[in-house]
Each structure stands twice: as C-alpha cells, then as structure tokens.
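Visitor: I am new here and would like a tour. Could you show me the structure, and let me ask how you know what you tell me?

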Amino acid sequence: MSETYTHTKSDPILTVDGVTRHFGGMTAVDVDHLEVQRGTITALIGPNGAGKTTFFNLLTGFDKPSPGATTRFNGDTLQKTSATHIANKGMVRTFQLTKALSRLTVMQNMLLGARDQPGENFFVGLVPALWRKREREITAKAEDLLARFKLLEKKDDYAGSLSGGQRKLLEMARALMSDPTMIMLDEPMAGVNPALTQSLLGHIQSLRDDGMTVLFVEHDMHMVRHISDWVVVMAEGKVVAEGPADTVMDDRAVIDAYLGAHHDTDLGDDSLLTEETYEELAEEVAEEEAADDHHKADDHRKQDEQEATR
C-alpha cells in the first residue's frame, strides 16, 4: 500500500465502504474505504481496466455493488441506490460519451435537466397558468448557464449539430440545471478539441470556486496535474494511492501500476500549455468552424433550391 494513501478527510461529502463488484469470477472493483473532501476537485485515475468507470457507475447508481456496500453522501446514508434517487440527493454525473439528445434543441436539452417542473404532470399540464411561471424561471436559468458556457447563440440549434467539445459543455451545463451539491465527470476531456481544453478547465475550476464538489475520471494527466486538489489512483479494482497530484505521480505504486514504462515522461509539462499554443489551436478551430458553417450554408441553399423546383 502506498504511503500517500490516507483514509480520513476533515469534511468528507462522500464516504464509501466495502464497495465491490464481481463479474463472474473476476473482481472489477474492491474499494474498502474512500472519502471525497467537500468543496474540492478530486481526480480518479488509473490504467485501463483499473475499474474506474465501474466504480464511477457504482457511486452514481448506474450499476449495483455487491451486498455489503455502504455509501454516505452529505451526511446521509443512501438507503436507495438508484440513479434517480442519488441525483435527487444532489449527486449528478456526466458521461464519457455525451448523452445529449441530438434531435432536441440545445435549450430543450437544458430544460430537461431542471427539477420541480409541474407541467410534467399530465393534468397540471392542461392548465398553463399552473406551470408557466416555473417554465419562465427555468428558461431564464438555462439561458444564464448557456451564456456562462458560451452556448447561448446555439440555444435553438439541434444538439446533434454541436461539436464534441460543445456537447461536453452542454452536458455539464445541463447537469447544473438541477443545482447539484456534487458533480461527477467521466473523462470530460475525451474527444475534445485541444483548443476547448482550457475553456473546460476553467469551467471545472469555477464549479469548485462556487462551492461545488467535483469528482472526475480522467486520462489527461495535464488536466489532472493542473486542476486537481486531490488525486485517487486505482489499479486492479483497488485504491492504491491518493494525495496531491505531484506527490502521487512520483509514488512508486503509481509508477508501477499506472505510468509503467513511460514514468520518465513529464505528464504535466507546462510548456505544452502556453497561451501561444492555445491561440494557435483556437485559430485552427475557428477556421474549421468557418468551413463547417460554409458547408452548412451550401447544404441549406441546395435544399431551398430543391424545394423551389418541386
């Protein structure tokens, strides 16, 4: 066991004990005890097959642990472990593969994330006076969040038309519609254009600065090193180390289990994160988006011409 590993946090928002998950004769997750400190950004890292995503699913109710697991969140023991119940308690998540509803607009996706919508009741929905005020409130909230994530001008676009990075932003913004206490992000950088990386980093840090707790699974070691307050390392289903990023990445258990032959590589090289680099990447993305807009305009023009000839 790594010397950086420790059990106790001063004010844990999440505490799990005895979380295991077996698939046939294989043990995918075997976490004896873990605490997540309130108001921090905690990274969950490890090699492929370490059990990170399975553990993430167990915490958020998208999979069920083997009998005997205990989860305490925000001072309460969670008796029910369904995803809906956990989300209602204030623990929400995003996914590595975004779950935006492609055939709904960006705004419609946002509105689906809000709680306490009386219009969802069939009979209440028949009387607009009973739900219009609430709809105005959540619409205003959605617009504020979209503006924060620089997606407001896309609010009437179909979610399926967004880039991969924009879908990540949309999913994060939608998760905030429910006013969570803790947000859990599954590989938020996966598939994101490097030019949007800095924007995503800033948004995640702002969540913590607003008092929210963030737990994320990530392979991007630059992100882990630069924004994490605490890092938890898993290997073969177990927690093998935890501590500050710089300390953990120098830990022998982490080097052996996670970094392997590449442990001499500087995974948090600041030279790769210069403003000049991001400006160059941003210019490339702007050019790509301009080309996409040009192609879309051509497609719309052709469709109009086809409609006119019918």
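Guide: Gladly. This is a predicted model. Let us begin with strand S3 (residues 41-45), which pairs with S9 in the parallel sense over 4 bridges.

Visitor: What makes S3 and S9 a pair?

Guide: Two strands count as paired if at least two bridges are found between them. S3 and S9 have 4 bridges, so they meet that cut-off. As one example, Thr42 stands opposite Trp230 in S9.

Visitor: Why is strand S9 called mostly covered?

Guide: A residue is buried when its relative accessible area is under 20%. In S9 (residues 230-235), 5 of the 6 residues are buried, so the strand is described as mostly covered.

Visitor: What is the order of the strands in the open sheet?

Guide: The 6 strands run in the order S6-S7-S8-S3-S9-S10, with mixed pairing.

Visitor: What makes S6 and S10 the edge strands?

Guide: Strand S6 (91-93) and S10 each pair on one side only. Across this sheet, neighbouring strands are turned by 20 degrees against each other on average, direction ignored.

Visitor: Which strands does helix H7 lie across?

Guide: Helix H7 (residues 194-209) lies across S3, S7 and S8, at about 130 degrees to S3. Helix H1 (residues 52-60) lies across S3, S6, S7, S8 and S9, and runs at about 150 degrees to S7.

Visitor: Why is Phe122 called exposed?

Guide: Exposed means over 50% relative accessible area. Phe122 has 59% relative accessibility, so it counts as exposed. You can find Phe122 in helix H4 (residues 122-125).

Visitor: What kind of surface patch does Phe122 belong to?

Guide: A nonpolar one, formed by Phe122, Phe123, Leu126, Val127 and Leu130. Together these residues have about 570 Å² of accessible area.

Methods:
Residues numbered from 1 in each chain as written. Predicted model: local features only at pLDDT ≥ 70, side-chain atom pairs only at ≥ 80, totals over all residues. Heavy atoms only, no water. Patch = residues over 30% accessible without salt bridge, like charges linked within 9 Å, V, L, I, M, F, W, Y side chains within 5 Å. Areas by Shrake-Rupley, 256 points an atom, 1.4 Å probe, with all protein chains shown as cover. Salt bridge = Lys/Arg side-chain N within 4 Å of Asp/Glu carboxyl O. Helix = DSSP H or I, 4+ residues; strand = E, 2+ residues; numbered from the N terminus. Buried < 20%, exposed > 50% of the residue type's maximum accessible area, 1.4 Å probe, protein only. Axes fitted to C-alpha atoms, helices over the stretch in contact; angles between N-to-C directions. Contact = heavy atoms within 4.5 Å.
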